[in-house]
Amino acid sequence: MKHVLATMLLLACGPIGAQIYEWVDDEGRRHFSDREPVGVEYRRRSGGSPGGTLSTYRAAVPPSRREAEPSAASSREAAARRVATSRRRARLDRHCRTLHERLDRIRQRLRAGYSEPTGNRLRAERHALNDAWRRDCG
């Protein structure tokens with residue numbers, strides 16, 4: 001009975017030293033599988049033996065993704081992107097400054113005293129401005 005149990009356990013575990021295949025796709029991503037890939041160049045890696053542990057390496061960047069020599073058009077495009085980015089940043093900074101100033105004015109009015117309907121309106125406006133500031137600036 002013990003031998004049958006041990007045999008069943010070994011059969012359930014599967015092969016310990018399974019063959020592992022490694023390959024790099026066209027986009028430079030590395031893949032591993034226990035099945036031999038079809039139609040791609042691959043390397044065999046042994047998975048079970050202590051000397052055959054998987055190595056790590058960086059996949060080569062495929063030629064389609066390599067940077068070509070910068071042309072005049074690409075440098076103009078890069079300059080245009082930098083200008084657009086700086087303009088967006090400046091616009092966002094102005095927007096955040098405006099929100100902050102409006103929040104300060106509302107807080108000052110709330111501290112100065114108010115009648116009840118005005119206080120409710122100011123608190124609602126403060127809440128909306130705080131939400132906008134957290135969403136856009138925080």
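Strands, as the term is used here, are DSSP runs of E with at least two residues, numbered from the N terminus. The model described in these paragraphs is a predicted one.

The protein chain contains 3 helices and 3 strands. Read from the N terminus on, the order of these elements is α-β-β-β-α-α. The chain has 138 residues, and 13% of them count as buried. Its accessible surface comes to about 11,500 Å², with 54% of that area belonging to carbon and sulfur atoms. Among the contacts with a separation of 6 or more, 39% are between residues 24 or more positions apart.

The description of the strands may begin with β1 and β2. Strand β1 covers residues 19-24 and strand β2 covers residues 30-33; the two run antiparallel and are joined by 4 bridges. Two facing positions mark out this pairing. Y21 of the chain stands opposite S33 in β2, while V24 stands opposite R30 in β2. The strands form a hairpin with 5 residues between them, and in this hairpin G28 takes a positive phi near 90°.

In sequence R35 is 15 residues from I20, and in space the C-alpha atoms of R35 and I20 are 7.3 Å apart.

The other residue, P37, is also found in the loop between β2 and β3. P37 has a relative accessible area of 12% and is therefore buried, since buried means under 20%. Leaving aside neighbours within four places in sequence, P37 is in contact with Y21, W23 and Y42. For W23, the separation from P37 is 14 residues in sequence and 8.1 Å in space, C-alpha to C-alpha. Y21, named here as a contact of P37, is the residue that stands opposite S33 in β2.

The largest pocket brings several of these residues together. About 150 Å³ of space lies in this pocket. Its lining is made up of 10 residues, and those nearest its centre are E22, W23, V24, E41 and Y42. The elements that give two or more residues to this lining are β1 and β3, the latter spanning 42-46. Strand β1 provides the largest share, 3 residues. By class, the lining has 5 nonpolar and 5 charged residues, and no polar ones. W23 and Y42, which lie among the residues nearest the centre of the pocket, are also contacts of the buried P37. V24, likewise among those nearest the centre, is the residue opposite R30 in β2.

Note on methods: Residues numbered from 1 in each chain as written. Predicted model: local features only at pLDDT ≥ 70, side-chain atom pairs only at ≥ 80, totals over all residues. Heavy atoms only, no water. Buried < 20%, exposed > 50% of the residue type's maximum accessible area, 1.4 Å probe, protein only. Contact = heavy atoms within 4.5 Å. Areas by Shrake-Rupley, 256 points an atom, 1.4 Å probe, with all protein chains shown as cover. Pairing = 2+ DSSP bridges. 1 Å grid on protein atoms, 1.4 Å probe; cavity = no way out; pocket = protein on both sides within 12 Å on 5 of 7 lines; lining within 4 Å. Points joined across faces, edges and corners; volume = space filled by probe spheres on them. Nonpolar A, V, L, I, M, F, W, Y, C, P; charged D, E, K, R; others polar.
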